[in-house]
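Subject: Structure for you to look at

Dear colleague,

Here is the structure I said I would pass on. Please open it first; my notes on what was found follow below.

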Amino acid sequence: MKLFVDSANLAEIEESLARGFVAGITTNPSILAKEERTDFTEHIHKIIGLIRRFGREVPLSVEVFVDDPAEMLDQALKFVSAFRYPMLSVKVPIGWGELKVVAELRKRDIMVNCTCCMSFNQAYMAALAGANFVSLFYGRIKDIGYDARSVVEQTARAFREGGIRSEIIVGSIRHIADVNEALGAGAHIVTVPPKFFPALTQHPKTTEAVDQFLGDFRKWSEQA
Ligand code: E4P
């Protein structure tokens, strides 16, 4: 069970990398569009630079931003030669035409994260096409009244029983409870917006214990 950072913000990525728990980074066009307008290629290079500064070589997902499958393939190949990052994982949305892109990229040994999966069938097809990662969108599945937890469970079970090696990334996290639920349901990875990370380290009883320890020690050391 691994945690990825779902962000393209350099400060947020750095804050997370500095804490050692990061097993990967996911971006998408909307996440990138939250950043100050800049050159796309340069920005991805900066993220890679940060990963390397922390001595890590973790998967970095970068999504194609065209919708024609032939153009997707072309763009994916351009990413590979522009970024020259061995752990680059090209994000390709699930779809019939898109599956050909997934298969083509895998034939060339390029890592693929097949994204925007909202159902078991989509995740399963992506995995059979050879995607290294399949991304299930927890929050968006719940938005239309479906049970995201059971979609993750069914996918995890099928992968386990079918000997499928694709890793399930659960994204579209809206609450801390989503992280726990997704991991409990069998997700290999949850990609989390960085605003949730500090809360994942906190507990009121921890604060109470630490305050007590410091208070007791202070009183003891101030005794005459
Ligand atoms: C996952 O890889 C995606 O980047 C992301 O989690 C999508 O989430 P959203 O529903 O907040 O757009």
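The largest pocket holds about 510 Å³ of space; note that this is a predicted model. Its lining is made up of 26 residues, and those nearest the centre are Asp6, Asn28, Ile31, Lys34 and Pro193. Sorted by class, the residues lining the largest pocket are eight nonpolar, ten polar and eight charged.

The second largest pocket has a volume of about 270 Å³. Its lining counts 13 residues, with Arg19, Phe21, Pro194, Phe197 and Pro198 nearest the centre. At least two residues of that lining come from each of helix 1 (10-17), helix 9 (176-184) and helix 10 (197-200). By class, the lining of the second largest pocket has eight nonpolar, two polar and three charged residues.

Next, the strands. Eight of them form a closed barrel in the order 1-2-3-4-5-6-7-8, and the pairing is parallel. From one strand to the next, the twist averages 25°. As background, the strands of a sheet pair through backbone hydrogen bonds, in either a parallel or an antiparallel manner.

Strand 2 (residues 22-26) and strand 3 (residues 60-63) run parallel and are joined by two bridges. Threonine 26 has serine 61, in strand 3, as its bridge partner. Helix 3 (residues 40-53) lies across both strand 2 and strand 3, and runs at about 170° to strand 3.

The other pairing is between strand 4 (residues 88-93) and strand 5, which are parallel and share five bridges. Here proline 93 is opposite threonine 115 of strand 5. How many of the seven residues of strand 5 are buried? Six of the seven residues in strand 5 (residues 111-117) are buried, so the strand is largely enclosed by the rest of the structure.

If you go through the model yourself, the two pockets may be taken in turn: the one with Asp6 and Lys34 among the residues nearest its centre, then the one with Arg19 and Phe21 among the residues nearest its centre.

Regards

Conventions. Residues numbered from 1 in each chain as written. Predicted model: local features only at pLDDT ≥ 70, side-chain atom pairs only at ≥ 80, totals over all residues. Heavy atoms only, no water. 1 Å grid on protein atoms, 1.4 Å probe; cavity = no way out; pocket = protein on both sides within 12 Å on 5 of 7 lines; lining within 4 Å. Points joined across faces, edges and corners; volume = space filled by probe spheres on them. Nonpolar A, V, L, I, M, F, W, Y, C, P; charged D, E, K, R; others polar. Helix = DSSP H or I, 4+ residues; strand = E, 2+ residues; numbered from the N terminus. Pairing = 2+ DSSP bridges. Axes fitted to C-alpha atoms, helices over the stretch in contact; angles between N-to-C directions. Contact = heavy atoms within 4.5 Å. Buried < 20%, exposed > 50% of the residue type's maximum accessible area, 1.4 Å probe, protein only.
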